[in-house]
Amino acid sequence: MSDMETVFGPVPSRRLGRSLGIIHIPTKHCGYSCRYCQVGPTPQPEIVRHAFHAPEVLCRAVAERLRLLRARGEAVDYLTLAPDGEPTLDIHLGQLIDGLRPLGLPIAVISNATLIWHEDVRGELARADWVSLKVDSVDSATWRALNRPHPSLKLAAILDGIRLFAADYRGTLVSETMLVAGVNDDATGVEAVADFLAQAGIRQACLSLPRRPPADPLLSCPDEAVVTRARHAFAQRLERVELLAAHAGKAAPALDAPR
Ligand code: SF4
């Protein structure tokens, strides 16, 4: 395995500056098969954590890339775990974060939150400095239609896990919500998501739009008035709201993609 396969960037990220992306699991292991995912449908959504790449091999690859970048005078602001799938499926996630720590850079994880109902997942995520969690809807039917979760997943358990994580986490916690026309962009649904985030104590949120070709070509971006209304609903309840002119799913080259 070469570092070219597991480390990419640094790439510019609005939220993380110059981010070095780490692909610690292969495409596409995910508990969701989001209709907007740019990587395409998930062949078999999964929720059982297991081992992928060895953390020590990944850490060596990242250290080597950093050495080369520093020799060229290139700065890196964040190390970001951003595979084309769900980072918490990696059973060595905590070990990987600990192994990267000596490199002296803050560590970010972009998660879809599918496994946050596991106490051990919350504990491992808590070791990162910056965590993003996906919340597209708090309505079960909408969530099933949009995120197409593994059949065993339960939205209530995920939302409880997010609440528990937010209550204890000491790093920077942000949420990501993809707005899709006619699916989850209605005023009531958007306000319910914003209410949930506010009640969970999440202060920073990102709204994203499916501007690049998604897995489902029938999906479209909400119109400007709807996006403005959604942004306003979030801003009324949360301290900081960003609108990412984002794509979906694919990590490279941008790191602002909702996972
Ligand atoms: S957008 Fe992210 S969470 Fe959704 S299927 Fe793609 S990789 Fe998984």
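Entry one: a single residue. This is a predicted model. I looked up Arg67 and found a relative accessible area of 48%, so I noted Arg67 as partly exposed. Arg67 forms a salt bridge with Glu64, with 2.7 Å between the closest N and O atoms. Both sit in helix H2, three residues apart, so about one helical turn separates them. Glu64 is partly exposed too, at 32% relative accessibility.

Entry two: a second pair. I checked Arg49 and Glu124, whose side chains meet in a salt bridge at 2.9 Å, N to O. Arg49 is in the loop between strand S2 and helix H2, and Glu124 is in helix H4, so the pair ties together parts 75 residues apart in sequence. Are these two buried or exposed? Arg49 counts as buried at 11% relative accessibility. Glu124 also counts as buried, at 10%.

I found Glu74 and Arg72 joined by a salt bridge of 3.0 Å, N to O. Glu74 is partly exposed at 26%, while Arg72 is exposed at 57%.

I counted 13 salt bridges in the whole structure. Arg14, Arg240 and Glu242 are linked in a network of them.

I listed eight helices and eight strands. The radius of gyration is 17 Å, close to the 18 Å from the globule rule for 259 residues, so the chain is as compact as a globular protein of that length. Of the 259 residues, 56% count as buried.

Conventions
Residues numbered from 1 in each chain as written. Predicted model: local features only at pLDDT ≥ 70, side-chain atom pairs only at ≥ 80, totals over all residues. Heavy atoms only, no water. Helix = DSSP H or I, 4+ residues; strand = E, 2+ residues; numbered from the N terminus. Rg over C-alpha atoms; globule rule 2.2 N^0.38 Å. Buried < 20%, exposed > 50% of the residue type's maximum accessible area, 1.4 Å probe, protein only. Salt bridge = Lys/Arg side-chain N within 4 Å of Asp/Glu carboxyl O.
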